[in-house]
Amino acid sequence: MNRWAALLAAGAVASASASTSGAAGPVPVGSPAVAGYQPVGVDEQGLWGEMAEAERALKVSKLLVRDEELTSYLRKVLCRVASADACQTVRILIVRDPQFNAGMTPNGMLLINSGLLLRVRSEAELAAILGHELSHFERRHSLARLKAARSATGWAAFLGAAGAGPLGLALIGNFFSFSQEQEREADLDGLKGMRAAGYRSRSAGDIWANLRAEMDATAAARNVRSRKDKRGMFDTHPATAERLAYLRSSTVDDPEGEAGEAAFRAAISPLWPMLIDDQVKLNDFGGSEYLLAGLATSGWTGPLLYARGELYRYRGQAGDFEKAAGFYREAIAKPDAPAGAWRGLGLALARTGDGAAAKASIDEYLKRNPQASDKAMLAMISGGSQ
Amino acid sequence: MNKLLLGLAFAGLAAPPLSAKWKLLPETMPVAVAKSAMKVMPGQGWNSWSFRPGKKSELWSYDGPVLNQIEFIGGVVDGEPFAKERNKKDKPLPKFNSKMLPTDIAQAYEQTQRIVTRSPDFTIDSMEPVTFAAHPGVKFTFHFTRPDEELTRKGEARGAIIGGKLYMITYTAAALHYFDAHLAQAQAIMDSAKVD
């Protein structure tokens, strides 16, 4: 579905009034990212009105990650690359969605998917994304898109195509697709912010290099062609290869700068169990393996080994249960092994036919987690495994 | 019509033919479901949809599928997914295997629902052994929220592997009011399941 069509469906009232008032009128200038900014002209006022309503609904969404410490960390990084005004006016919301994505609404609400936080590897990469999104806001990219789209097809065509639907997170997250020129402009603005803040600007390219490698890994495990150079029908982003190329060439002469890997890890790692679990359950074996290996660059921890065991056990192809059992055992040998490692080991062993060892491991899990929500089922599997 | 369209959005289904109809089921006569060997006693007030969400499934509802629905999955064999696979290349679904443990069935159902409904918060709340269609099986409860709505749904599922094939019945409804309102009826339908 055309994302703008969806937006316009949501903004039907504002749209209708805009069409009767005509496109002429005051043109907003300067950055809207200042305290007390009032939208100018009928289009911007309409967009802001709609978005204010959507924002009220989103703030009570069940699918937001409400973590004050993490949100204030994201804000701290944003404020390093943003003007003092922008730092004050932009609102950051973390959306529980395992896909890599971020978005900015025309009125300054910055949405970050949890799946993006799983993939970004350093504070500098995060700064690149936050600076990029901020640029969309400050340059009013969505307003420009709205005007361009409207003059090309007219309101009626949009409204006719739009239908009706709730203004949920999925729609909001997909509303703001920008033109290739706008994406490029935002990328370059992001780099400027990074340089001014002393961040390692080359990290901006690393994001795309990593995403491309992940797409290759996903495709290889599925035995299909990688999507890294594929664009969807409505995907206006520059292809990742092109993006990677200009980000690399614009930063080749930059000083090294601060990557901030440790700071990023420290801020995100409390959220890892949820982020990894959401990823591992997506049935994307290759991509998940790639991401786990990335998280384990400074060593495989108990939780990471446990997640790897789960990944193999869920796939359940020939040899996977034996490999899963191996990862669970490695996890169990670590001081930070999650209780789930004993559960996973027991269930993997039950599938390999090693009943006695399966029973021992499941019983150990139930000892460690006596309140387990599946204890009756596990007790039966354990009993049947003797 | 609206309810039907919303139902499609909910089930993540392709558009059914215009001829797709809801039919009130007989109250006290066992009916075969999902074109499989599974039969259940409908009880009062349930409607079957002539449009089946997958080759081996069938959908019933009491108040419309947005509010409550029962899905029957009947006779899934090794290598088949738990739901219709719409995008095999980019969104492949987990496949059934007759050697699956009861916990594996719940796990694969969760993964399937996370992929099909894009609900990132899908959670299994409880799991226990149950006798299903006179065979040892699994019962589990769950909840989830789809990102295109702000409605939390609850569900209860029962299933078993019978003769190497998977048979499952899942009851899913809006957590507020509707789940509790028809839970006992849905459980009676699950209790009545027979697989010949």
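I call a residue buried if 20 or more other C-beta atoms lie within 10 Å of its own, exposed if 12 or fewer, and partly exposed in between, with C-beta atoms placed from the backbone. By that rule, 46% of the 386 residues of chain A count as buried.

**Ground rules.** I am working with a predicted model, where local features need pLDDT of at least 70, side-chain atom pairs count only at pLDDT 80 or more, and totals for chains, interfaces and linings use all residues. Residues are numbered from 1 along each chain as its sequence is written, and chains are lettered from A and ligands numbered from 1 in the order in which they are written.

**Chain A, overview.** I found 21 helices and 3 strands in chain A; these are DSSP runs, numbered from the N terminus, with helices as H or I of at least four residues and strands as E of at least two. For contacts I use C-beta atoms, placed from the backbone, that lie within 7 Å. Among contacts in chain A with a separation of 6 or more, 69% join residues 24 or more positions apart.

**A helix pair.** Next I looked up α17 (residues 302-315) and α18 (residues 320-332) of chain A, whose axes come within 8 Å and cross at roughly 165 degrees. The axes are lines fitted to C-alpha atoms over the stretch in contact, and angles run from 0 to 180 degrees between N-to-C directions. The crossing angle makes α17(A) roughly antiparallel to α18(A), a label for angles over 145 degrees. On the α17(A) side, the contact residues include A:Leu305, A:Tyr306 and A:Tyr312; on the α18(A) side, A:Phe321, A:Phe327 and A:Tyr328 are among them.

**Domains of chain A.** The domain assignment, automatic or from a database, gives domain 1 (3-251) and domain 2 (269-384). Their contact takes 15 residues from domain 1 and 13 residues from domain 2. Which elements supply at least two residues each on the domain 1 side? They are α6 (114-119) and α12 (203-222) of chain A, and α12(A) gives the most, with 7 residues. That side of domain 1 has 8 nonpolar, 2 polar and 5 charged residues.

**Between the chains.** I then turned to the interface, where 29 residues of chain B are in contact with 28 residues of chain A. On the chain B side, α2 (102-117), β7 (123-132) and β8 (135-145) give two or more residues, and α2(B) gives the most, with 7 residues. By class, this side has 11 nonpolar, 7 polar and 11 charged residues.

**Two positive phi values.** Most residues other than glycine have a negative phi. A:Asn223 has a positive phi of about 60 degrees and sits in the loop between α12 and α13 (240-251) of chain A. Phi of B:Ala133 is near 50 degrees, and B:Ala133 lies in the loop between β7 and β8 of chain B. Buried or exposed? A:Asn223 is exposed, with 8 other C-beta atoms within 10 Å, whereas B:Ala133 is buried, with 22.

**One residue in chain B.** My last stop was B:Val40, in strand β3 (residues 38-40) of chain B. B:Val40 counts as buried because 23 C-beta neighbours lie inside 10 Å. B:Val40 and B:Ala193 are 153 residues apart in sequence, yet 4.6 Å apart in space, C-alpha to C-alpha. Leaving out residues up to four places away in sequence, B:Val40 also touches B:Pro30, B:Val31, B:Val33, B:Ile189 and B:Ser192, along with B:Ala193.

Key:
Contact = placed C-beta atoms within 7 Å. Parallel < 35°, antiparallel > 145°, perpendicular 65-115°, else oblique. Nonpolar A, V, L, I, M, F, W, Y, C, P; charged D, E, K, R; others polar.
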